[in-house]
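Student: Could we go through this structure together, a few questions at a time?
Tutor: Gladly, let's begin.

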Amino acid sequence: MTRSAAERIADVRRLQKAARNVIEHRAALVAAIVESTGLSPEGVELGLTKHVELHAHDAELAALVERAGDVTRVAVVLSANVFVGALRAVALARAASDDVVIRPSRRDPAFAQALVEAATDLGDTHVRIDDDLDIGSVEEGEIHVYGRDETIAEMRKQTRPGVRLRGHGSGMGIAWISADAHLEKAARGLADDVVVFDQRGCLSPRIALVLGDEARASALADALHAELERLDVSIPRGAVPADDRAAAGRYVATMTYACRALVGTQHAIGIAPPGAPLVLPPPYRTVHVAACSSIEEAAKLLAPLAKGVVTVGSDDAASARLLAPSWARIASLGRMQRPPLDGPVDLRDS
Amino acid sequence: MVAAFEASAPAPEPFDLLACDLARHQAAHIEGYARLCRARGVDVAKLASADDIPAVPTDAFKVTRVATFDASETVATFRTSGTTIGTRGEHALRDVSTYDAAAVAFGRHWLARDLERPVPVVVLGPSPEQAPDSSLVHMCAAFVRAFGHPAPASTTYLIDADGVLDVAAFDERVAIALARVEPMLILGTSFAFVHFVDAVGKASFDLPRGSRVMQTGGYKGRSREVPPEVLRADLARVFDLDVRSIVGEYGMTELSSQFYERTLFDDQSPLGVYAEPPWARVVPVDPDTLAPVADGAVGIAKIVDLMNVDSAVAVLTQDQVRRVGATNSGGFELLGRAAGAPPRGCSIAIDEILGRAGSGSE
């Protein structure tokens, strides 16, 4: 039986309430997420208390329902994504269908499991967990896959004819610092966006484009360095895999050679030489800062990376819109990791 | 040093001394390199060992100029094939004679030292005119000049501007070589050889006795990927050669030296172990600390290349290597890029952006 939009919104609101319950009773959950994600306890706490979409306007949920569509069944395959992403993934599936099965990430199942249990406790019997869900056995409806492009491609091969697979791949955020930006304030917001999930999310800013000359880019970098240094203490970075440590070392050496690098306790910032091609720094709190003489130059520099851009954070939404790819979300600095619950975070395929 | 090598004489100066002198030269003329040395806490004036020379990451060649001289003095610029987003690394040279002398000397040593006269040389690649910024094509052209018969470019460089392989021209060169009973030297990249093997199918091109093949490089999405041992066996079958006549070469745009498998002239040398010239040294280092790893352990290749006079005497690659035996008498195994741990989170990686770009929807 087809549900009305209002009923779907109500079902999503019930999931939000379930998430709220999970967070209110999170003591054991935090330890499990620390273990599975490698984030610090403070980092997990930050994610749970500030970055779960517990509040949403009706209009946002209406947009989510609209984007979700209406299908008989949705199978959701979660990856070791940012852990709070499970709420949005389940909400999208639940908005779309009255029959939702979730396969949590084997590496990072805790939040998704807790969320579904809490939803069941609230009377939602239309969402269940199946740790052993076989994609090839799904006979109807949709499969929502969250993960790397190659994971999505592999699952697509296993999908039966007639079943639609919706892939939600990896991505990144960039920051656009306009001519009118107050640099210290911009740096504060940007640092907040970088630190959440240790910059491992598809909304996490990896590059900051600064309208102005190299001196202005350097000033932003210095301010960001100070803000990240502060956050390195209050929200320590979690464990960094050896490969990413090595990548950060290579990035720092490259930028030291090319122009300038600032190395903090648990972060690094590279300042690009004028006009140099953009470098994508590794995650775990590494930011590439580049000066751009105009928005046109910024767009040109960004072009090779544009397909990976999911969000643009800026002090100036209007000029950010001009720079951003058409699908990218626009957010204020400091709110890049808090997109409204109006659909997938990644709107490239919407 | 190259002349001494060709004369089988000892090197005129110690490797470490030359390497450290070059590091000082480069730090004196490249502000970025001086900055990198300072950041590493290295006083170049006191450098005494090549192990202590800070290495320049290959990525630096993509974001800035790596040269001791003014751009106006550049006579050749080699560019990487673009394995990163829209950006090609550039290696500028103000004098290619050093590059050529070293390449030909070491190439002759492992590919052609037994050849008493010029032989037919065929390149499964474009001509220097078609690819003037390819260091590999430049090197192959130097080999054509040094080891080959005079022959028209159209029957020497067998991949045209559209990337089409001229199998008929290859057939013609082989037929002539067979008639003259001359061994051939075939040069090409792995992906070109894969295309060749695919093109000939089950057919074969039995090469004259004594022929040999130099294969180099990865695939970079330009052909299906084939495990090295499979490609080697395929080439041996197609060309009717012993697998030891298929010689692997390892080089990169950011370097001026190359490395070869010893298989053609050393019956004992295992496949997959590369020899260094006396003017280059491959040191596996810990990717995190950049300190040399223990003997026999895997590390990423820090390559000290004395032929990189005006760019970077020490280059940090992302290739994994393992030393086998002593430096300059043993060699190193090339183990490819680190596969890495499964990524945690959904932040995008460069390879994924490349993959999206490769899908070509825009």
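Student: How are the axes of helix H1 (residues 5-24) of chain A and helix H5 (residues 85-96) of chain A arranged: roughly parallel or roughly antiparallel?
Tutor: In this predicted model, local features need pLDDT of at least 70, side-chain atom pairs count only at pLDDT 80 or more, and totals for chains, interfaces and linings use all residues. Residues are numbered from 1 along each chain as written, chains are lettered from A and ligands numbered from 1 in written order, and side-chain values use heavy atoms, without hydrogens and water. The two axes, lines fitted to C-alpha atoms over the stretch in contact with angles running from 0 to 180 degrees between N-to-C directions, come within 9 Å and cross at roughly 155 degrees. Angles over 145 degrees count as roughly antiparallel, so H1(A) and H5(A) are roughly antiparallel.

Student: Which residues touch the most other members of the largest nonpolar core?
Tutor: Such a core is a set of buried (under 20% relative accessible area, 1.4 Å probe, protein chains only) Ala, Val, Leu, Ile, Met, Phe, Trp, Tyr and Cys residues joined through side-chain atoms within 4.5 Å. The largest one has 82 residues, and those touching the most other members are A:Phe111 and A:Leu220.

Student: Is B:Val181, with its positive phi, buried or exposed?
Tutor: B:Val181 has a phi of about 55 degrees although it is not a glycine, and lies in the loop between helix H7 (167-180) and strand E5 (185-189) of chain B. Exposed means over 50% relative accessible area; at 68%, B:Val181 is exposed.

Key: Helices (H or I, at least four residues) and strands (E, at least two) are DSSP runs, numbered from the N terminus. Angles under 35 degrees count as roughly parallel, over 145 as roughly antiparallel, 65 to 115 as roughly perpendicular and the rest as oblique.
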